[in-house]
Each structure stands twice: as C-alpha cells, then as structure tokens.
Amino acid sequence: MAQTPQNEAPDSLLITPVAPIANSTHGGRAKCLQRLVRLDLPVPRTVALSFQAVHGIAQGEMPDMAAIVEAFPADALLCVRPSSQDPDWGGPGAILNIGMNDARYVDLCDSLGRDGAAALYLRFVQSYAVHVARLDPDVFDDVEDGGPDALSEVLHAYEAETDEPFPQNPAEQLAAVLRSMARAWEGTSARLLRQAKGAPADAGLGLVVQEMVPGFGQGECGSGVLQLVNTKTGQPQITGRYLSQSQGRDALGAGAEALFLEQDPRGPSLEDSAPEAFADLKSHARLMRQRLREEMQVEFVIVSGAVHILDGVRVTRSAQAAVRIAVALAEDGIIPRAEAIMRVDAHILTELLHRQVAPDATRDVIGHGIAASPGAATGRLVFTAAEAQASAARGEPCILVRRETSPEDVRGMHAAVGVLTERGGITSHAAVIGRGLGLPCIVGASNLKFHSKRKQLVATDGRVLTRGDTITIDGSSGEVLAGQPEMLEAAEDGAFQTLLTWADEVRDIGIRANADTPEDAETARKFNAQGIGLCRTEHMFFDPGRLTVMREMIFAETSEGRAAVLARLLPMQQEDFFALFRIMEGLPVCIRLFDPPLHEFLPTSKSGQRELSEALGIPVSDVTRRVEEMEEYNPMLGLRGVRLGVTVPEIYDMQARAIFEATLDASKEGEPVVPEIMIPLVSAKREVELVKARIDAVALAVKAERGEDFAYRLGVMVETPRAALRAGEISPHTAFLSFGTNDLTQMTYGMSRDDAGRFMSAYVNQGVFPEDPFHVLDTDGVGELLKLGVQRGRAENPDITLSICGEHGGNPESIAFCREAGFDYVSCSPFRVPVARLAAAQLAISSQTGKSPRESLKS
C-alpha cells in the first residue's frame, strides 16, 4: 500500500489491528471494522481510503488502483461503502459486486447456474449504470427480470446509451465507482444536506473497499443482519433478518430466548438448520456489545455454515430504546453511569412523556404552525371553551381551535386533548399553558383559515372542516393532520426513572416547575421537581364561580368596596394555596402575585356584557362604559403587575392574607411551610418598598390574629430591562430575584411574543436571529442583562437566591447559560422538568470531562 509522510493519513490502508486508522481520518465505518478485526472476528479483507484520498479522487487525483486491487484475491468481487466521521451525515449508497464481468460470469455459471450468475451480473450492471455512469433508470424499464436474456438486454442498453461496452477491467470499474462516490459527496446538494444535519462544510468522507463473501456453497448459505435488542423498546430481544440462498427462506429462527421478525413456514429456521452458525452470531454480537460498549447490529454472510462479519453498525433506536439501552449498558458494568447520562439526548425525553404519531403512519397534512407543546392528540373540532367542556363531559376527545387563547379559555384547554391557534408564538398564552398542562399545542397556524363564527377550518388545499370533524395535531412537528393516524403511547418506564435518578446525583443546579393548579403541582411532584418556581395566581380567578366576583371587584368604586368584594375571594384563594402547600410538602412554593391587566376579566362581546349586567344588577350601559374605561392601547405595558399592587393594593392585601393563613393551616398537617411571594413586573426600588410594607403589615396582622408565628420570603420577578440594570438597588430589599425571561425577551427586543410567529421563520431563515429568542435564550442581548442582574444583585446581597422562571428554563441550551452565569435554579413547565434534570446533569459532567453533551452523543 502507499507510503506517506508521518502525520498524514495514507491514501489507502489494509485494515489490520495496528493500521493507523482513526475516526477523524478514515471515518466511523473504517474504525469500527478495525475494532472488529482486533476482536478476531471473521471480517473479510478490507482496504480503507482516507478523507484526504477521497477528496483527491474528487479532484481527479486517483490513488494507486493496481495496489488496491492487488490487496484482494484475483477473482474476488468487491464492494465500496461510505465511511463518514458521523453516520448521521449520510453518504453515497454502497456499490456491490465490483469486478463482475463476462469472464467472471462464465466461471459463476458452473457454481450458481446460468440464471443465478446472470442475476448477479445484471444487478451490478444496473447499479453501475445508474449510480456510476449516471444513466436514467428508465433505460432499463423494458428489461424483464432475471436470466441470461435479460442480462444481454441490459448490456446492450448500456452500450447504446454510453457508446462503449460495459467495462470489463475490475480496476477500471473500481476507479469509476470511487470517483463517482467521491464527487457525489462533494456535490452541492449532498453538502447542503449534511450541513443541515450539523456537519461542517468541509466534512470529509472515507471509503472502504471490502472483499465480498460469496453467499453460495455447500450447506447453509445466506446473508442477513442480527441484533440483541428491540429497536422500538430497547428490551433484550434477538431480532434481525436472514435470507437463505440455498432454500429461499427468510427467517432467523425461534428459541426460548429469542423472538424473530419473520418465521417462514417454507423451511427450518437458521437456528435449526445451522445451530453452530446461529450460536456464533449471538456470541459475536455479545462480544461486540461488551468490547465496543454499544448495542450493535451485525451484518453477516454465512457460507457453508461458516459465519463472516461484514460490518457492525450502531442499532437504530427510538427514544424509549435509547434510554433503556444506555441504562442497561451501565447496569451491566459496560459503561459508567456518567456516560449513560451523556448518551441520551435530553430533547428526546419529551417523546416518552406524550403520545406521538407513529413514525410509519400515513400523514394527511392539512396545515402547519409552530410546534408549541410536544405530543400528538386526535379529537373532534370545537371552537369555544364551553364546547370543549361539553365535549369532555360526553367523554369525547376534542381539539380546541381558537384565533388565540386568553385566560378565559383555560378551563376549555383543561377539557381538550389539544389546542390549535391561528396566532401566537412559542411563548404565547396557548403555548405556555399547553406546556404546563402537558397538552399538545400548535400556535401560529396562519396558513389555515379560521372561521370561528361559521365554526369552520379551511385547509391549505381548500378542504373545509367543520365542528365535529376529526383532526390530529402533532405538537412535536407543528403539523395539522386530517383524521386519526396510528399513535405511539407515552413510554415512561423503570429505565427512564433510573436515568433521571442518576442525573440528580450529579447535576449542580436546581430544577423547579411552573405550576398554577393542584394538577400541575402533582405533575411537578411526579417528575421530582425541587419545588414550584412560579405559580401564576391569575389563572385561579377564571373559574366561573370566581369570575363574577372578580368582575364585581373591578366595578367597585372605593377601596372599601373592593376590599369587601375581595373578602369573598379570600377563602377560595386560601384553599388554592393550601392545596399547593400540601402537595409540595417539604419543598418551596413561589407564588407570583396578581399580574395581568384587569380588562382581561371583562367581557368584550355584547352578550357577555348583558350577562354581566344581569349578574351585577346594573345597566348594560354602565358595564359598557366601564369596559371602555379599562381599555389600554398597550395593556402588556400598562396597568398590570406591581402597578396594580401600588394603585389597587387591596388585591395584593387579599392574596398575602390568603397565603399566610394557608401557610399556618398547612404547617399544622405537615412540615412547616415557608412561602415565597414574588412581586411581578418591577422596574423601580420604590415599588418594592411600597408593596413590601403592605405585605409585612398583613403578615403582622395574621400573626396577631392567629397567635402563631411563621416565616416567608419576599422576592421580585425581574422581567423589565430596568429591573435587571438596577438589580443592585433592588436586591437588598428581597430574598430572591427570579428572572422572567419571556417578558424580559419581549421588552428587550421590543417585539411581541404573541405576534412574532408571523415573521420569526423568515428572520431565522435569513440569519437575522440564529434562533427564535422566545424558544432559545438570547445569550448575547438578553443574556447580558441577565449577567448584569446577577452580578449587581449578588454584589449588594450575597445571600440572594437567583433563578429564571420563563419558558427558557426547560431548554437545555439555556440551562447551560444559567449554570455558567451563577443561577441557583431554573423553573419550567412540569412536563419539561425531566428534560431539564437530564440536561443539567450532562452540563455538570461535560464541565468535568471537557466534552459537550452533543459530542458525547456522537462519540
């Protein structure tokens, strides 16, 4: 073989145990084959071409072809396979039976018969013609399958199209194959395709030239693949496929320990007909698992009962199988626990927590939007929250369709199995609530036409769907489907729990959950969240029994009148907080005081205003006038959050009292409760001082009335740029700062999170933003504000607790930033807690090993 200077990969190398072959110079397939050779497995003779050699071939610089061909027996047939650094990057398809020519055909007629030899030659000619000579496959459409006559037709067709006979020299054939595969790899479309999969623009390709083992002879002969685990479940299960050349069978076998994909009744199984070969195969697979530290699929050929191993590739696997395989390898002592943690992509855990559309299901796509909350759901179309509740009462699954949701729709969302909206982005109301409920949700589906009054949804192809029609939404892909495709059920199991337990042992940042209801809290507890990092109390007021009381408070003219009405809400709020404290016993609960503008609680329709006038006993004109008075040009920047606490303090007084009384009641039944009270939308120190004074006063009053003491922590939700910049003067008055990255991103960019979905794809595609900043934390702009807030807040109050509670808290990339910036914990939707726990552990491990989670997955 060729000699090269030191530190350069040789053009071509015979794969031996000591050959200088590396993944970075010859690709993963070449390196794996060398590992199999080192294990003394029966691997056919193989030559590896380096990235450098293949690049040279693409430029017209051919290696010593005679030397490559001379590395194999004179009558050997060869195959060429790609060997990229990462198998996910793909590569050109394999070319088999190189070296087949007229003379070899004559020789094989004696052993295979004319039909068998002709079929072998014909397949090679057709493959060569299409993939190497680049002929149109239609050229061979009129050729009948099989036999010498078909072979003759194909050879004549090749000559007619190329004006030259089919090449007979094996070295010439091999050179053409190598040249074709090298140029295909460096073509524009192939480069763009692999770059989309994360490959660098200059990613190299290696090629392996391997002697083909003839699958014919005396006794049992055939070829196939075998693996030791089930691809979908990851359970130990010998599966595979075997094609017997001698009897035309398609079966591996059946035994007490094995289940096989197919059992053909026309003949005995491989286990029965060649038990020694079958035992060897299992032994080889187990050795590969042990020594290569991975579940491998074995590609093999059997000749006269003897096994030959052609290749070993990493078993393809579902999310469930990936978790179970990693855990099993660690439990068997093959890999350490830390490596098992690093081998599972944190993002795929969401697939285990929700139903999914089956990968091979037929998808009748009628539209698409932003994949806002993962999972898939099928149900009948409904267009109002009331219809959703009625449908749920009848036991009929439904998909709630809205232009955009508001807090009034929350009960309908609880009743639905999925939500579809025309407007909104990744942090819109529907998206946030959907993720909190674990409810599949698609937002910003603007390519569908929503006709709410007519109760119709018009698909992109013009189909009209009406109330009661069945659709499926895939919140993982953003696709809206007609009908009911096959589904895969959620797949949490023991391996899932084991992996997360190991993750908790190594992660060094806390993980809490955003939870507003007892149901949310139960989910958070189920996923081992370390407390509630954000409870949005406004969602508690939209219960029909409370909404009217809330509206009555809005219509009260005096402070005393508002306080009197709020007193009726007090026991309801107290009950809410008591339930959360009991469910989260022993864990912190952070309650955000009332945040939204009051106009959200008022009816906008004429019918709703008439109903309210009847409930309150006042003229409709008074209701209409009050609704108009409450309107704001930009309510998200208007009278909301702490501004309500300062100007309408009775609301916060009532909530503080409810929290403190629930604290005392819950503490009697379990561990002492220390509630965390969070003031939203702060932008000035004086706001904190005013609200803190009133809350402290309520606390003193409750202690005096009940004759009992309790502790609590008061903090600020940092979601305005000014609060981040002035964190140094705010932090001495607080026990914690929790950064609300949803609003902070919105205000930093001056961009509505509910409307950004309309143009965000164009912005990302044109490189304005690398990612949607509402989905992946902007570590440059918003991140700089976070860092300043952390530094200035901690400088003035070293004991302060720092966290983020926006939806970014469940994003692995954002968690990495938070960990480096010095945050104590992140808080996210309950169903994102497992993802956050695993991602946090991977970050802790990578900080010690210097290898990122993505690099570990690819190793």
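This is a short walk through one protein chain, from its overall make-up down to a few single residues.

Before anything else: what we have here is a predicted model, where local features need pLDDT of at least 70, side-chain atom pairs count only at pLDDT 80 or more, and totals for chains, interfaces and linings use all residues. Residues are numbered from 1 along each chain as its sequence is written, and side-chain values use heavy atoms, with hydrogens and water left out.

Okay, the big picture. The C-alpha trace spans about 105 × 60 × 55 Å along its principal axes. The secondary structure comes to 33 helices and 30 strands; those are DSSP runs, H or I of at least four residues for helices and E of at least two for strands, numbered from the N terminus. There are 859 residues in the chain, and 54% of them are buried. Buried means under 20% relative accessible area, exposed means over 50%, and partly exposed is in between, using a 1.4 Å probe and protein chains only. As for contacts, meaning heavy atoms within 4.5 Å, take those with a separation of 6 or more: residues 24 or more positions apart account for 67% of them.

Now let's look at a helix, H21, residues 606-616. Which of its residues are buried? They are Gly 608, Gln 609, Leu 612 and Ser 613. Looking down the axis of H21, these buried residues fall within an arc of 140°, so they line one face of the helix. That arc is taken from the directions from the helix axis to the C-beta atoms. If you want the background, an α-helix has 3.6 residues a turn, so residues three or four places apart point the same way. On the other side of H21, Glu 611 and Glu 614 are exposed. The cover over the buried residues of H21 includes helix H19 (544-555) and helix H22 (620-630). And just after H21, Gly 617 takes a positive phi of about 70°.

Leu 644 is buried, at a relative accessible area of 1%. Leaving out residues up to four places away in sequence, Leu 644 touches Phe 594, Pro 596, Leu 598, Leu 639 and Pro 649.

On to strands. S28, residues 736-739, is covered on both faces: Phe 736 and Ser 738 on one side, Leu 737 and Phe 739 on the other, all buried. That goes with a general point: in a regular strand the side chains alternate between the two faces of the sheet. S28 runs parallel to strand S27 (residues 713-718), joined by four bridges, and Gly 715 stands opposite Phe 736. S28 also runs parallel to strand S29 (residues 801-804), again with four bridges, and there Ser 738 stands opposite Ser 803. Strands count as paired if DSSP finds at least two bridges between them.

For an antiparallel case, go to S6 (residues 222-229) and S7 (residues 236-244), which pair over seven bridges. Gln 227 has Thr 239 in S7 as its bridge partner. This hairpin has six residues between the strands, and Gly 234 takes a positive phi near 80°.

Speaking of phi, most residues other than glycine have a negative phi. Asn 97 is not a glycine, yet it has a positive phi of about 65°. Asn 97 is found in strand S4, residues 95-98, and is buried at 8% relative accessible area. Lys 455 is not a glycine either, and has a positive phi of about 55°; Lys 455 is placed in the loop between strand S17 (449-451) and strand S18 (456-458).

How many cavities of 30 Å³ or more does a search of the whole structure find? Three. A cavity here is a set of points, on a 1 Å grid over the protein atoms alone, where a 1.4 Å probe fits but cannot get out, and lining residues have an atom within 4 Å of a point. The largest cavity holds about 70 Å³ of space, and its lining includes His 414, Asp 516, Arg 536 and His 539. Helix H15 (410-415) and helix H16 (429-437) are the elements that give two or more residues to that lining, with H16 giving the most, four residues.

Terms used:
On a 1 Å grid over the protein atoms alone, a cavity is a set of points where a 1.4 Å probe fits but cannot get out, and a pocket is an open set with protein on both sides within 12 Å along at least five of seven lines; lining residues have an atom within 4 Å of a point. Grid points are joined across faces, edges and corners, and a volume is the space filled by probe spheres set on the points.
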